[in-house]
Amino acid sequence: MPFVDISLARGKTPEYLQAVSRAVRDALVAELDMKPDDDFQLIHQHEPGEMVFHRTFRGGPRTGDWIVIRITDGLEHGTRAKRRFYRTLARLLHENPGVRPEDVFVMMSFTSPENFSFDGGIIGTDVAAAEALDAAGKAPEVRAAYTTAELTYALTELFLHRNRSLIRPMLQDDMVLKLPASLPYGGEFTGIQPFEDLFVGTPGGGAVWESFTVHVDQVIEADGHLLVQLTNTAVPKSTGTPKVIENLWLFEVVGGRIAGAQLYADTAAATGPAD
């Protein structure tokens, strides 16, 4: 997920700017495995005196065609890949539009994917996880393990949208589901099917709730577990009175897959009298 800022002296033709942009994109694709469509750049043109630089410090001699390329990336590629990228970029810029290698100044910085949001207020880790899971779904082989980001995204989709397709392959066949015994649908269950059945609709369904809206507050990673904190707005069938219910799901993760799930809930909200 690279983002590119390009700064250069004002007065270049549209063709020159387009060639610079293309050279940067092609170098990123060739050496840092950037997807061709993952192409986001801002080009800044400066008046004389707005670009201050030493003509010979650690390179040069630099001219008025000095160009600064700053790249913020969501993946850390390592020294060898960056070395290849710098060389390829300088070569492509020299080939077209004719930038001297001595005038090419590059700065790269890394920021983790959660510092990106491409649109809609969606965090970058969810976008990356969704893309990875979509690619995995098209592959014939079954993945043995999943990343924390992928598990987090799948759990969020499960609770917000009842989307079971993402979480299904992440469950171990002998996973254990624990629900408070005081719930109408409580108990301890083994296997994937009880877990899937629970999320076909609202847990307990119309027999327990008149309505049930889920909000995922956060997903926390801790010591081989994922904790999903929920704030639910619900109307229990037993009372007809709206309630705000805070729940906590604890998922045990073993070898990159979910081995167990346990619900900690305000069971009185589903069965008790109104406040």
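Rings of Phe, Tyr and Trp (its six-membered ring) count as a pair if their centres lie within 6.5 Å; the pair is stacked with planes under 30 degrees apart, edge-to-face over 60, and tilted for the rest. By this rule, 13 aromatic pairs are counted. The model is predicted, so local features need pLDDT of at least 70 and side-chain atom pairs pLDDT 80 or more, while totals for chains, interfaces and linings use all residues. Residues are numbered from 1 along each chain as its sequence is written, and side-chain values use heavy atoms, without hydrogens and water.

**View 1. Phenylalanine 85 and tyrosine 86 form a tilted pair.** Their ring centres are 6.0 Å apart, with the planes at 55 degrees. Phenylalanine 85 is buried at 0% relative accessibility, whereas tyrosine 86 is partly exposed at 34% (buried is under 20% relative accessible area, exposed over 50%, partly exposed in between; 1.4 Å probe, protein chains only).

**View 2. Phenylalanine 195 and phenylalanine 251 form an edge-to-face pair.** The centres lie 6.3 Å apart and the planes meet at 80 degrees. Phenylalanine 195 belongs to helix α5 (residues 192–198) and phenylalanine 251 to strand β9 (residues 243–254), so the pair ties together parts 56 residues apart in sequence. Helices (H or I, at least four residues) and strands (E, at least two) are DSSP runs, numbered from the N terminus. Both phenylalanine 195 and phenylalanine 251 are buried. One aromatic cluster consists of Phe159, Phe195, Phe199, Trp249 and Phe251.

**View 3. Lysine 12 lies over the face of tyrosine 16.** The distance from the ring centre is 4.9 Å. A charge sits over a ring if NZ of Lys or CZ of Arg is within 6 Å of the ring centre and within 35 degrees of the ring normal.
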